[in-house]
Amino acid sequence: MDIYTTKLGSLNNYEKGSIQIIKGAKTDYAFSNIFEVAANAQPYEKTIVGKNLKFIIESVRAEGQSPWYTASHDEFVIAMDGEVRVDFLKLNEDAVIPEEQEGTHLAGEQPDGKVMGYVLLKQGHQAILPAGSAYRFEASKPSVILIQTIQGPLSIEKWNDICFT
Amino acid sequence: MTVTFEDTGVNVIGRDEITNYASFQLGKFTFSRDEYFAKITWEAKNEEYSHLMSVDAFLRALMRDVAWGFFYGWVNFDHVIGTQNHYGTVDLYAGTFNGAFKEAGVDYVENFETPVIMETFKAILHDWVNEGFDPFAAPEETGSAFGRKNGNNSEAIDRYRIATKRMPGLEGDSPLRDDLPVNRHFQDVAQDEPVVYCEPGFEGELSGFNLFKYLSRSDVTWNPSVTSVCKESLFCPTTEEYILPVFHGNDRVEWFLQISDQITWDIADKVDGSPIARVIMKAGDIAAMPANIRHQGASTKRSMLLVWENATPDIPDRYASGELSPYPVQF
């Protein structure tokens, strides 16, 4: 039987593609590489790599322990490289942020809530970050996670630094 | 046995005595096939115009259009034939988004109620797809589309886009794919699931799954299927091999994130089809597809692609009116 090797990217081993322009500009495509973005970012800096009106995808370098986060809506995390633990708290009602506030928010030093449990994510694993919970990431080695969310106060835009121009 | 369409209002206009394939009428379009080609005819300037497509390419394109429920915006089967989704009605066009046809005035477009065109397209698939040909598969994985009528493959063509409410595997949501085999190109993809530990009282509230494993078991190519829902933000990953059977012109911006391996995208003008760029994406690359282009991808090895859509209903009008730029970010 033929053997095929599936090429995945990682923080230390990625190869960026390219754009061949006939008409228009390379910036039209906002083309970046999530591993390059994470490699050049501070731990838990939430860099926007995809934006469709208010909705975004963030590439995040997970390293050490993150602050506690929360959102008024579901968010999702996919581990793209390394291993990440996510701890969850069920926030008490008065600690849940109002529905009209979208995006990821800091949940404070010690959020007011009950321990829900945790998930352990390896490369390719996805988890839901349920609305109304608080969550915190922990990675013993530098790792890369993608976050599907809405643009919020912690989201960073730096297209000029990350995209083909 | 041949399928009968009397109950669905599909207009079968004949059956070829030699090849045994049915021909179909849809408004002023006719569809017929022979051993090698699908033939589409229409009228312009009081003359009959016709267009041939290799029947394997035609059936692969038709399969996507049916499975996606006409998808978002323009689904170009090739440089002449295609559909535009108006979400309730659908335009079928010939040459309307081809610069030369349009300029010559020999294009034709007709609007149909979605169920009417859907039933006709399904009937064509049921009649024209032979036993052993799976129009959802890559060429290396399936038999031939060519030749005279030889049975059918209803099982292959009755697979539709998976609807997910929040995330696959959650209670009451779409299933994981543990019962499907790992594709031959993804035998090296890890099959372990994440550890999910819930404290007593929170069972079922936390959830995770191996997305790459899920994709490694996809039994179709080029079929975006929802795996996470953040309001109108939809992650629709899919596994890609050979050529995207359509040139997709979206009525909104969409984004691609290449999860594994490599895809080359041919980018052309949405309105006239002239070439604009070639975008080569490798693992970890993410790029926008602006709202004023059409694109077609090519993937030698079966690869994992995240297609990211914003399903907000009013977006097409906001692009069409010029309120929104076709480019998602300016810098």
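Mentor: Two strands are said to pair if DSSP finds at least two bridges between them, and we shall need that rule throughout this predicted model.

Trainee: What makes strand 9 of chain A and strand 10 of chain B a pair, and in which sense do they run?

Mentor: Strand 9 (residues 113–121) of chain A and strand 10 (residues 195–198) of chain B are joined by four bridges, and because the rule asks for at least two, they count as paired; the two strands run antiparallel. Within this pairing, Tyr118(A) stands opposite Tyr197(B), which belongs to strand 10 of chain B.

Trainee: Why is the contact between Glu205(B) and Lys90(A) called a salt bridge?

Mentor: The limit is 4 Å from a side-chain nitrogen of Lys or Arg to a carboxyl oxygen of Asp or Glu, and the N-to-O distance here is 2.8 Å, so the pair of Glu205(B) and Lys90(A) qualifies under that limit. In general, side chains of opposite charge can pair when their charged atoms come close.

Trainee: How many salt bridges are there over all chains, and how do you know what this one joins?

Mentor: The count over all chains is 28 salt bridges. Glu205(B) sits in the loop between strand 10 and strand 11 (208–210) of chain B, while Lys90(A) is in strand 7 (residues 84–91) of chain A, so this pair joins two chains. Between chain B and chain A the count is four.

Trainee: Which element of chain B gives the most to the side that touches chain A?

Mentor: That is strand 17 (residues 275–282) of chain B, with eight residues. The whole of that side divides into 42 nonpolar, 13 polar and 17 charged residues. Altogether, 72 residues of chain B are in contact with 68 residues of chain A, and the two chains bury about 6100 Å² between them, 62% of it on carbon and sulfur atoms.

Trainee: What makes strand 1 and strand 5 of chain B edge strands?

Mentor: Five strands of chain B form an open sheet in the order 1-2-3-4-5, with antiparallel pairing, and strand 1 (11–15) and strand 5 (47–54) are its edges since each pairs on one side only. From one strand to the next, the twist averages 20°.

Methods: Residues are numbered from 1 along each chain as its sequence is written. Chains are lettered from A and ligands numbered from 1 in the order in which they are written. This is a predicted model: local features need pLDDT of at least 70, side-chain atom pairs count only at pLDDT 80 or more; totals for chains, interfaces and linings use all residues. Side-chain values use heavy atoms; hydrogens and water are left out. Contact means heavy atoms within 4.5 Å. Buried area is the accessible area (1.4 Å probe) that two parts lose on being put together, summed over both. Ala, Val, Leu, Ile, Met, Phe, Trp, Tyr, Cys and Pro count as nonpolar, Asp, Glu, Lys and Arg as charged, and the others, Gly among them, as polar. Axes are lines fitted to C-alpha atoms, for helices over the stretch in contact, and angles run from 0 to 180 degrees between N-to-C directions.
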